Amino acid sequence: MEKRFLNVLAVITSLFGYLEWGAGNSTFLFVAEWEVLRRLVSEPLSVVHPFTMLPLFGQVLLIVTLFQRRPSKWLTYIGLGCLAILLLLMFVIGLISLNFKILLSTVPFIATAIFAIIEARKK
């Protein structure tokens with residue numbers, strides 16, 4: 001597969017992670033990310049946290065690779081790593097709590113990231 005396609009797919013699949021917390025609270029990451037971006041402009045200190053900023057930074061890096069003639073494998077690795085911090089944590093939480101919604105929502109990203117790493121390692 002083409003590296004650019006896998007990087008786009010990694011960004012898209014990262015947005016469909018599912019979170020549940022407390023009594024009846026849940027959201028998809030694309031909704032949470034929209035809220036972070038909205039608040040980043042109006043009240044930036046309320047959203048500055050490693051688990052919000054690192055995945056956002058990872059998505060930006062992967063999007064930057066789309067505009068490169070030859071997508072940088074290091075930007076791909078760093079971008080995937082930043083996103084994987086959150087999504088692998090969600091995967092582990094899904095495993096521990098046996099919450100299959102959370103668990104299954106992270107599998108597409110994990111599979112895409114594995115394929116993207118394999119493709120980036122090719123010369």
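Biologist: Where is the place of Ser 42?

Modeller: Ser 42 sits in helix α2; helices here are DSSP runs of H or I with at least four residues, numbered from the N terminus. Keep in mind that this is a predicted model, where local features need pLDDT of at least 70, side-chain atom pairs count only at pLDDT 80 or more, and totals for chains, interfaces and linings use all residues. Residues are numbered from 1 along each chain as its sequence is written, and side-chain values use heavy atoms, with hydrogens and water left out.

Biologist: Why is Ser 42 called exposed?

Modeller: Its relative accessible area is 52%. Exposed means over 50%, buried under 20%, and partly exposed in between (1.4 Å probe, protein chains only). So Ser 42 counts as exposed.

Biologist: What makes α2 and α3 roughly perpendicular?

Modeller: The axes of α2 (residues 29-42) and α3 (residues 50-65) cross at roughly 100° and come within 11 Å. Axes are lines fitted to C-alpha atoms over the stretch in contact, with angles from 0 to 180 degrees between N-to-C directions. Angles of 65 to 115 degrees count as roughly perpendicular, under 35 as roughly parallel, over 145 as roughly antiparallel, and the rest as oblique. So α2 and α3 are roughly perpendicular to each other.

Biologist: Which residues of α2 and α3 meet?

Modeller: Glu 33, Val 36, Leu 37 and Leu 40 in α2 meet Thr 52, Met 53, Leu 56 and Gln 59 in α3 (contact means heavy atoms within 4.5 Å).

Biologist: And which residues does Leu 87 touch?

Modeller: Leaving out residues up to four places away in sequence, Leu 87 touches Ser 14, Gly 17, Leu 29, Thr 106 and Phe 109.

Definitions and conventions
Helix = DSSP H or I, 4+ residues; strand = E, 2+ residues; numbered from the N terminus.
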